[in-house]
Number of protein chains: 4
Amino acid sequence: MPRKKTAKPPGSYPAHRERQRRRILDAAWTLFDERGIDRVSMAEITSSSGVQPSTIYQYFANKDEIVWAVIADVMQKASARAQQSLEATPNALARITALLDFMADELVNNSVTVRFMAQFDAMYARHWPAERLITLESQINPGGFNAFRGLICDGIADGSLRHDLDPDLTMHAVINTVIGAQRRLASLGSKVEQEYGQPVDRLFRETIRILLLGLRAPEPPPRRRPRKKPSKVQSRKRTR
Amino acid sequence: MPRKKTAKPPGSYPAHRERQRRRILDAAWTLFDERGIDRVSMAEITSSSGVQPSTIYQYFANKDEIVWAVIADVMQKASARAQQSLEATPNALARITALLDFMADELVNNSVTVRFMAQFDAMYARHWPAERLITLESQINPGGFNAFRGLICDGIADGSLRHDLDPDLTMHAVINTVIGAQRRLASLGSKVEQEYGQPVDRLFRETIRILLLGLRAPEPPPRRRPRKKPSKVQSRKRTR
Amino acid sequence: MPRKKTAKPPGSYPAHRERQRRRILDAAWTLFDERGIDRVSMAEITSSSGVQPSTIYQYFANKDEIVWAVIADVMQKASARAQQSLEATPNALARITALLDFMADELVNNSVTVRFMAQFDAMYARHWPAERLITLESQINPGGFNAFRGLICDGIADGSLRHDLDPDLTMHAVINTVIGAQRRLASLGSKVEQEYGQPVDRLFRETIRILLLGLRAPEPPPRRRPRKKPSKVQSRKRTR
Amino acid sequence: MPRKKTAKPPGSYPAHRERQRRRILDAAWTLFDERGIDRVSMAEITSSSGVQPSTIYQYFANKDEIVWAVIADVMQKASARAQQSLEATPNALARITALLDFMADELVNNSVTVRFMAQFDAMYARHWPAERLITLESQINPGGFNAFRGLICDGIADGSLRHDLDPDLTMHAVINTVIGAQRRLASLGSKVEQEYGQPVDRLFRETIRILLLGLRAPEPPPRRRPRKKPSKVQSRKRTR
DNA sequence: AATGAATGAGACTTCATTCAT
DNA sequence: GATGAATGAAGTCTCATTCAT
């Protein structure tokens, strides 16, 4: 019964179509995040987007297609943000750092996005043909992670990274780890703070720090350094 | 509401109940892994367990309770395995290493368990009161990760770990990271190999290696005090 | 909202189940005939049978299964009637005649049944595995048409049927023809009378007469005057 | 681009309309046969014909009209074929035989057509005003089956057919029977061969043979009066 | 004349759960 | 304690058709 035309389409047909598509996708994304992908029904997308169910089916063949479209959308935007954050970064280590920092920023500023991707992974990744995922990623991120691989090679070459690293292995291990950590933190959301007693991004940045330390070439000239807080260590054995 | 647990002779009532419960839980777990938690219906649990739906409701109040029971079950077993693997490990670093190795082994040998927990996180964690999760964890793993925290303190104290680590922060960061990586790898399953070209656990073990390198105290060319076990860790040993 | 329990089930569970099944089937059959198989919706079966849609699905897996059950039902009853009408018929020709007469009677007295089977043929026969149809028929009519084939053999042997008949071919040709004619007449229903100006069964009985004349052995001894119908076949001409 | 209507030169408007109409009808017919009339949706006709649904509605008021148009089309063509096959057939029996042979040929060469008509009968005949069907037939086949009736009269007159036949009754009975058998065989398609173990048209031709035997005058051993068999040919060509 | 967009009504089916035995 | 039967609510999706351009 909601037969209200909210906005007159002033533009051409394709423009109108794109606008409708957006409406559906935006509504879907919001709902997916609020309730979880599996807890959202087409009826909710209908009433939330203002597009009739039968109309939605002229834009997407079924609910799963909406999920995929949302994922593509979300990843594309994230990729654009990543691209931007890497611009004008000169050397290898700086770029790697920038990339990881970017992921931390995403966790803070776009936790919805990260959370959604986490859910998508958990719910869809295994039950869908791998090709589709790979295709999606290659469309969005054409160079793939090769750029990152290049960075590691550069880093090894210029001595800023450990020379015993296998670029391919390292790249995939690190990326997977960082994504895993990021998504887990996003999934748990505020629970992390209750459980871990730390703000989400603090944990994540510490992860990054440790990983970078692990990647970094060992200090060439062993210098000496006073310890910061040796006493504090054994103070509190158990907090909780 | 279930009976008190007493002696439980094989043919007794409580024993029967326990057997039924197990049947339901086992069937549910298998299905959850095969199809994903949200894609399993009570009817399927019925036909797969051989227990009638109405009977199931005499063991579990609703479907969610089954999910929680399965999770508790699964975590309990995992925890027992962990406990066992940590036994008879002498010092801090060895224990940390053992713990991380344990998680790698889990990934390989109990990927179903890991995957299930990943899915649970993504789908349930946010929609349920945090307390319940925390309660669950504390029941299963009393002491929680504090043991791990203790290890870090020890490591800092004995100089095998970086002294600029904040035990609490580090502990949580590392644990979250490792769990995140582990679950992500388990979720993606064989897709990782297609996409990354590396066996799942190879990636995971490289992650562990890098993390440990990052945690390790920077190599101070053995100065006036020989640490407990400087030789073992730093020797770049490529766990696998 | 029709939440009215029409009859208390006084008997046992199986009895009750059978009664429900009947209710569904009877309602379905009536509707199928009234509106045509394809024009009947589950909702109609629901409201007509008084059984909730979700309940129906505990008796039949889907709509097609209902159709098949109805067909089986209908054929079974028809088969029983046929059996009965053939009882106590002594020789071959008499039995053949009785069988064809039976089909004429069916057309008159059970046109609904015939019509339904005609529709089933037209709509389902081609789109379903042949085995299923054959299985159905063999369940209902175990001897199959072999009995009829035997009759023809007998008839050829005793000289009442043309000796140039191939029992198998003849049997199938005649049966198909008679069924085809019967179902077509039932399908067209009263339209036949409007179009052909003849009562339905009159046409059908004329068909039978001609077929029997065609099957009959040519007059054995060309006697002095070829009467219209000197032999015994003609005795019962069935004008009706 | 719209031109004036003229005499239908190839590029003219009416010609265009006719082409579109054909496209729709051809696509519909193919689909109707493949899937069954009731299982074909307008959307399928659209995608199969390449004509947009809204455009289709400028050629046909609704889906039923398409069905009727297809039937008309199909019958017209069949009728033309029939006409042709009857040409140059001299006498009554020969014409009757030719007609029945024609139906056998149709069954073999145009089983799609026959099958479609069978389906139409089963699904539409009863639910539509009889007049429409009759009108349709009279348009296509003016004179209707009266030609056939004439043949029978001729046959009776010249002694080649049984003289106890009632021309009207016989005509309708035989036509109905033959059509019924033909359509049933076409509907069952290859199932007949599986079930009956005989090629479809073999059965049908046997049916024809038996019917003709039944119609034929009993073999009077050519006695004193050779009927006007040779001469009668030109006697009565058509009764009406 | 042609068509892209829209849509209300309704199709079939599934589900978690309760009730009565 | 176990279970067969029942079910309301909701699920996703399809359909023939109309509207506005």
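Colleague: How many residue pairs are in polar contact between chain D and chain C?

Modeller: In this predicted model, the count is twelve residue pairs between chain D and chain C, with both residues at pLDDT 80 or more. On the side of chain D that touches chain C, helix 9 of chain D gives the largest share, 18 residues. That side divides into 28 nonpolar, 14 polar and 22 charged residues.

Colleague: Why is the pair C:Arg209 and D:Asp164 called a salt bridge?

Modeller: The closest N and O atoms of C:Arg209 and D:Asp164 are 3.0 Å apart. The cut-off between a side-chain nitrogen of Lys or Arg and a carboxyl oxygen of Asp or Glu is 4 Å, so the pair qualifies. Across the interface of chain D and chain C, the rule finds four salt bridges.

Colleague: What area do chain D and chain C bury between them?

Modeller: About 5,700 Å² is buried between chain D and chain C, with 57% of it on carbon and sulfur atoms. The contact takes 64 residues from chain D and 66 residues from chain C.

Colleague: What makes B:Gln52 a polar contact of DNA strand F?

Modeller: An N or O atom in the side chain of B:Gln52 is 2.5 Å from a phosphate oxygen of DNA strand F. The limit for a pair of N or O atoms is 3.5 Å, and therefore this pair counts.

Colleague: Which part of DNA strand F supplies the atoms within 4 Å of the protein, sugar or phosphate, or bases?

Modeller: Of those atoms, 66% belong to sugar or phosphate and the rest to bases.

Methods. Residues are numbered from 1 along each chain as its sequence is written. Chains are lettered from A and ligands numbered from 1 in the order in which they are written. This is a predicted model: local features need pLDDT of at least 70, side-chain atom pairs count only at pLDDT 80 or more; totals for chains, interfaces and linings use all residues. Side-chain values use heavy atoms; hydrogens and water are left out. A residue is near a molecule or strand if one of its heavy atoms lies within 4 Å of it. A polar contact is a pair of N or O atoms within 3.5 Å; within protein, one must be able to donate a hydrogen and the other to accept it, and residues adjacent in sequence count only if both atoms are side-chain atoms. Contact means heavy atoms within 4.5 Å. Buried area is the accessible area (1.4 Å probe) that two parts lose on being put together, summed over both. Helices (H or I, at least four residues) and strands (E, at least two) are DSSP runs, numbered from the N terminus. Ala, Val, Leu, Ile, Met, Phe, Trp, Tyr, Cys and Pro count as nonpolar, Asp, Glu, Lys and Arg as charged, and the others, Gly among them, as polar.
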